[in-house]
Amino acid sequence: MAAVPTEHLHLHHRDDPRRPRPAIIQGGMGVAVSGWRLAREVAQAGHLGVVSGTAMDAVLSRVLQDGDPGGHYRRALEHFPSPEIAQRVLDKYFIDGGRVPGTPYKPIPKLTLATARAGQELAVAANFAEVWLAKEGLTGLGTGAVGINCLEKVQMATPTALLGAMLADVDYVLMGAGIPREIPALLRDLAAGGIGRISADVLGGKLRRHVEVDPVDLLAEDLPPLRRPDFLAIVSVDQLATYLHRDPDIRPDGFVVERPPAGGHSAPPRGKMQLDEQGQPIYGDRDEANLAKIAALGLPFWLAGAFSTPEKVAEALAAGAVGVQVGTLFALSHDSGLADGERGQLLDKLRTGELAVRNDPRASPTGFPFKVATLEGSASQVEVYEARPRLCDLSYLRQPYEREDGEIGYRCASEPVHMYLKKGGVVEDTVGRKCLCNGLMANIGLGQERKDGYVEDTLVTLGQDLSGATALIGRHPEGWTAVQALGYLLEQVPAVRSLAAAG
C-alpha cells in the first residue's frame, strides 16, 4: 500500500495552534444515540465526539421524569448560566424516584416559527446540558473536541439548539439534510450576543419568515461571552461545496462529504428517482462528489458513508481528506445511547450475518431517503408499522405552510391522513410515511407509553456499510467500546494511532 500522507493531520483548530484537527469524527446520530457518554469517550481519545442536537428538549424532559438516574443532567443544569431557567425546567419535569411505570411522559411545547418561551428555555437548557456533559473533565492537549449535529430539515429547532450548545462552549457544529447556508451567520451573530436568525422554509409562503432566538431576552444579565464554534457543512456533491465556499458570508470552516451509504437521512439521487428490486433509490456516478474539486477549495474535509475500515481511512487520507466521519461502528458500541435490548438484537444479527439495512425512500416525512435496520418487532416491519395508530405529537418534522388566510399552519406526512388532507396535503405524500420522532425516542429507551397501554415501537437507523462492524464483532464477540472502534479505524495510520490508544 502507498504511504499515507500525514500533512493533513496537522491542520490546526483555530483557537489552539497546537491542537490538531481530529482524524475521526464520530457521527452525530439522533435521537441521542450519539449521546454525551459516547461523545466524551471519543473526545477523551483525541478525536471529535459529536452529540445529536435533535429532540434534546424531549430527551431532557423524559430523563428528568424518569428520575435522572445518576444525577447527570441535574449536575449539568447546576452549571447553566441562568439558575432561574434551570430551576423552571426542573420544577416542570423532574420526578424524584421517577414516574410510575406505564404513566405517559408529559408533553413539551411544540416547535413553531415562534416557539413558546418555555419551549425555548427547555431546548437551550437541554442542548447546553448534553454538550456540557460531553466536555466535562476534558483537559489537556491530548484530548479532542466536542461537536453538535443538527438537521437543516429541523429548522425550527436550530437557533435554540445552537445557542444552548454555545453556552456550553461547543467546539464544532455539523449540519446536513439540506443546504445549511445561513448557519455561519447564525453562529457569528450568537457569538456577538445578537439575535440568531435563519430563514424558514414555508410551503406556499408569500412572505419571508424566520426562526430566531434572542440570547439577551432569554438570559439577560446571565448571558456569558460566547465563542463561535467551527462549522462543518455536510454535503453529498462537490457542486454544493463549491456553492457554499464561493461566498464568505455562507462559507463553512470545512466539509463532511457524505456518500449515499451513510446512515440516517441521505440526499436523494440526482435526477428522476428510480428504485431497485428492493424498492431502494438507485444512485449513480452523478451522486458521487469529485474529491479533487473539493480538495481544490482549500478547506479541510472528511469523508463519510462506507469509511468504516482501516483501509478506507487510509484511502480517505490519500485523497486529501483530514480523516473520516463514522457512525455505525459507534452506534453499535457499548457507549452509544441505544437501549441495551436494541443493541443486543443488532449485534446478534451482525454475528450471524443477517443484519440488513434498507434505504427506505418513503419512511421519512421529510421526503429524504432514510436508512432503516430490519428488526423483528420494530416499525421496520410492515405489519408493525401498519398496526401503529397514526399520530404526530412530538412534531419535530412538521412542515410550516401558509394557509389561505395568510396565517401559518403545520402538517406532517406521518400524521393521521385525514388531518394532513384537511391541511392541504395530498394523500400520495402520506403513503409509507413513518413516525421517526417517536421511533427514535423509543430506540434510546424513552418511548412514549400511552394511557391505552400502547408503547411506541422502535425504528433503528444505521449505515448500509457493515464491513467495519463485521470485522469488529469478529474481534469482540460480546461487542466493543468506542475506544476499541477508534483503535481499529486507525490501525493503518501511525501518526494518529497513539491518540486512540491513549483513551
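Predicted model: local features only at pLDDT ≥ 70, side-chain atom pairs only at ≥ 80, totals over all residues.

Residues are numbered from 1 along each chain as its sequence is written, and side-chain values use heavy atoms, with hydrogens and water left out.

**Stop 1: helix 1 and its partners**

Select residues 36-44, helix 1, together with residues 482-489, helix 18. Helices here are DSSP runs (H or I, at least four residues), strands are E runs of at least two, and both are numbered from the N terminus. The pair packs at about 45 degrees with axes 9 Å apart; the axes are lines fitted to C-alpha atoms over the stretch in contact, and angles run from 0 to 180 degrees between N-to-C directions. Helix 1 and helix 18 are therefore oblique to each other (under 35 degrees counts as roughly parallel, over 145 as roughly antiparallel, 65 to 115 as roughly perpendicular, and the rest as oblique).

Now show side chains: Leu38, Glu41 and Val42 of helix 1 meet Ala482, Val483 and Leu486 of helix 18, contact meaning heavy atoms within 4.5 Å.

**Stop 2: helix 6, then helix 7**

Colour helix 6 (158-167). Ten of its ten residues are buried, so helix 6 is largely enclosed by the rest of the structure (buried is under 20% relative accessible area, exposed over 50%, partly exposed in between, with a 1.4 Å probe and protein chains only). Step past its end to Asp169, where phi is positive, near 65 degrees.

Move on to helix 7, residues 183-191, and pick out the buried Ile183, Pro184, Leu186, Leu187 and Leu190. Look down the axis of helix 7: its buried residues fall within an arc of 160 degrees, so they line one face (the arc is that of the directions from the helix axis to the C-beta atoms). Among the elements they pack against are helix 6, strand 4 (172-176) and helix 8 (215-219). After helix 7 comes Gly193, with a positive phi near 80 degrees.

**Stop 3: Gln65**

Is Gln65 buried or exposed? Find Gln65 in helix 2, residues 56-65: at 1% relative accessibility, it counts as buried. Leaving aside neighbours within four places in sequence, Gln65 is in contact with Tyr93, Ile95, Gly98, Arg99, Tyr105 and Lys106.
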